[in-house]
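Here is a briefing on one protein model.

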Amino acid sequence: MLDELDEAAMERRKGRTRKGRPTGRYMMCVSVRPGVATQVAVLEGRSLVEHYVSRPTDTTQQIDGNIYLGKVQNVLPGMEAAFVDIGTPKNGVLYRDDVTFDESEIEGRRPKIERLLRNGQSVVVQVTKNPIGTKGARLTQEVSLAGRFVVMIPNQPGTYGISKRLSDDERKRLRKILDEIRPAENGLIVRTAADGASADELARDLKRLSAQWEDISKRAAKNRPAMLLHQEPDLAIRVIREEFNKEYRGVVIDDPALYEEIRRYVEAITPELADRVELYTDPLPIFERYHVHEQLHKALERKVWLPSGGSIIIERTEALTVIDVNTAKNVGRSNLEETVFANNLEAAEEVARQLRLRDIGGIIVIDFIDMEIRKNREEVTRKFKEALARDKTRTQVFDISELGLVEMTRKRISEGLVEAFSTICTTCEGRGIILDESLL
């Protein structure tokens, strides 16, 4: 009996059940429609928590992470920014704080942008935010190359760090390894995925990134501005690189060619997880098999129902997103405060999931139902922040105010789920109303 328990414990440590099946919080489904789109869905349990879509026509819109040789078109001292031509339909924006300079040559405060850049100057820049609406891509000169285990920051030798999500013992182990392998001329940041990685794996990852940067530097020296120097890999590979770890019980792909590509990639970087990559061959579409389609349809609606009968209403504007929490059909059992408290707890969990799923960014205001007891307000805030901790996108949350409002920000990366599946109505131009021209 003890032997069986020991064996089961060993399997759990390896991330497997006794029957040999992988275990984990997450599942990834990849659906490919050739010539139309590639979609990646991340499930937590059975709930859809993240969704990504890439179309063949998105080459000028989905450029986050790409590195360009750009040409400064216009320096704007009043905006502390410069417009840079990177060969896309809209010029990118480079702010003063994202411009690199030699601190040994300039003393005191960061110099003004007109001292750092001039019109017609060639600059190597990286896209940190995709173009959204009428805004061009956001750029930085602090280029970084992401590998599986480490992020290399060329020409920034003073930059060095290890993910705070790792345990203290693991951070100490990795620090000893990095003291031996980190390059003197480049910065290095160790990612959460490096948990348990060997010295050889880290060295190979760093070697690949060093070779990439050498190739980028050579291309920048030989070519004229407005030139793409380095393109991030396809959507599925990028998501695998950023997210796939032992917390995933599997990656299921319905396209044989992409399956082979991803399988080879995973075998090269984390061979112990390669058997979790599977080819989906069932005749039922993969998104129907894992109930992704129905959850996507619900995520496109403005109202989301909570398990107890409550609801949240999500309204987006150009400036901010407002989320209203209601009891709706939830009438509770004992008293009003308890009913409201339980409803708000459910809403806190669901709002955090919807922010990830819909990729809502910018300023967000959440109107929770008023609670009289301070302890209840604090518990709802704690629950909300705990749920947001699973979101890799940076957020900042303030406590619930006396009016029951939570103000927060979430880094805006892309336009969002609704925009990915829709276009602006040509009749009302997105206002949602049709004017009666006879009265005007």
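Buried means under 20% relative accessible area, exposed means over 50%, and partly exposed lies in between, using a 1.4 Å probe and protein chains only. At 44% relative accessibility, E301 therefore counts as partly exposed. The model is predicted: local features need pLDDT of at least 70, side-chain atom pairs count only at pLDDT 80 or more, and totals for chains, interfaces and linings use all residues. Residues are numbered from 1 along each chain as its sequence is written, and side-chain values use heavy atoms, with hydrogens and water left out.

**Overall fold**

- The protein chain has 11 helices and 21 strands. Both are DSSP runs numbered from the N terminus: helices are H or I with at least four residues, strands are E with at least two.
- Its radius of gyration is 24 Å, close to the 22 Å that the globule rule gives for 440 residues, so the chain is as compact as a globular protein of that length. The radius is taken over C-alpha atoms, and the rule is 2.2 Å times the number of residues to the power 0.38.
- Along the principal axes, the C-alpha atoms of the protein chain fill a box of roughly 80 × 70 × 50 Å.
- Of the 440 residues, 43% count as buried.
- Among contacts in the protein chain with a separation of 6 or more, 63% come from residues 24 or more positions apart. Contact means heavy atoms within 4.5 Å.

- The buried residues of α5 are L235, A236, I237, V239, I240, R241 and E243.
- Their cover includes the strands β1 (26–33), β2 (37–44), β3 (47–54), β9 (145–146) and β14 (248–253), as well as α6.
- The axes of α5 (residues 235–243) and α6 (residues 256–269) come within 10 Å and cross at roughly 30 degrees. That makes α5 roughly parallel to α6.
- Axes are lines fitted to C-alpha atoms, for helices over the stretch in contact, and angles run from 0 to 180 degrees between N-to-C directions.
- Angles under 35 degrees count as roughly parallel, over 145 as roughly antiparallel, 65 to 115 as roughly perpendicular, and the rest as oblique.
- The crossing of α5 and α6 is right-handed. A crossing is right-handed if the near helix is turned clockwise from the far one by less than a right angle, and left-handed if anticlockwise.
- On the α5 side, A236, I237, I240 and R241 make the contact; on the α6 side, L258, E261, I262, Y265 and V266 do.
- By class, this contact of α5 with α6 has seven nonpolar, no polar and two charged residues. Ala, Val, Leu, Ile, Met, Phe, Trp, Tyr, Cys and Pro count as nonpolar, Asp, Glu, Lys and Arg as charged, and the others, Gly among them, as polar.

**Other helix pairs**

- The axes of α3 (residues 168–181) and α4 (residues 199–222) come within 10 Å and cross at roughly 45 degrees. That makes α3 oblique to α4.
- α3 passes α4 in a right-handed crossing.
- L174, I177 and I181 of α3 meet A199, L202, A203 and L206 of α4. The contact of α3 with α4 has seven nonpolar, no polar and no charged residues.
- The axes of α8 (residues 292–299) and α9 come within 11 Å and cross at roughly 100 degrees. The two helices α8 and α9 are therefore roughly perpendicular to each other.
- Q295, K298 and A299 in α8 meet R353, Q354, L357 and R358 in α9. By class, the contact of α8 with α9 has two nonpolar, two polar and three charged residues.

**Single residues**

- A352 is found in helix α9 (residues 336–358). A352 is buried, with a relative accessible area of 3%.
- Not counting residues up to four places away in sequence, A352 touches F384, A387 and L388.
- A352 and R333 are 19 residues apart along the chain, and their C-alpha atoms are separated by 26 Å.
- E301 is found in the loop between α8 and β16 (303–305). The C-alpha atoms of E301 and I314, 13 residues apart along the chain, are separated by 8.3 Å.
- E80 is not a glycine, yet has a positive phi of about 50 degrees. E80 is found in the loop between β4 (67–76) and β5 (81–85), and at 40% relative accessibility E80 counts as partly exposed.
- N155 is not a glycine, yet has a positive phi of about 60 degrees. N155 is found in the loop between β10 (150–153) and β11 (160–162), and at 52% relative accessibility N155 counts as exposed.
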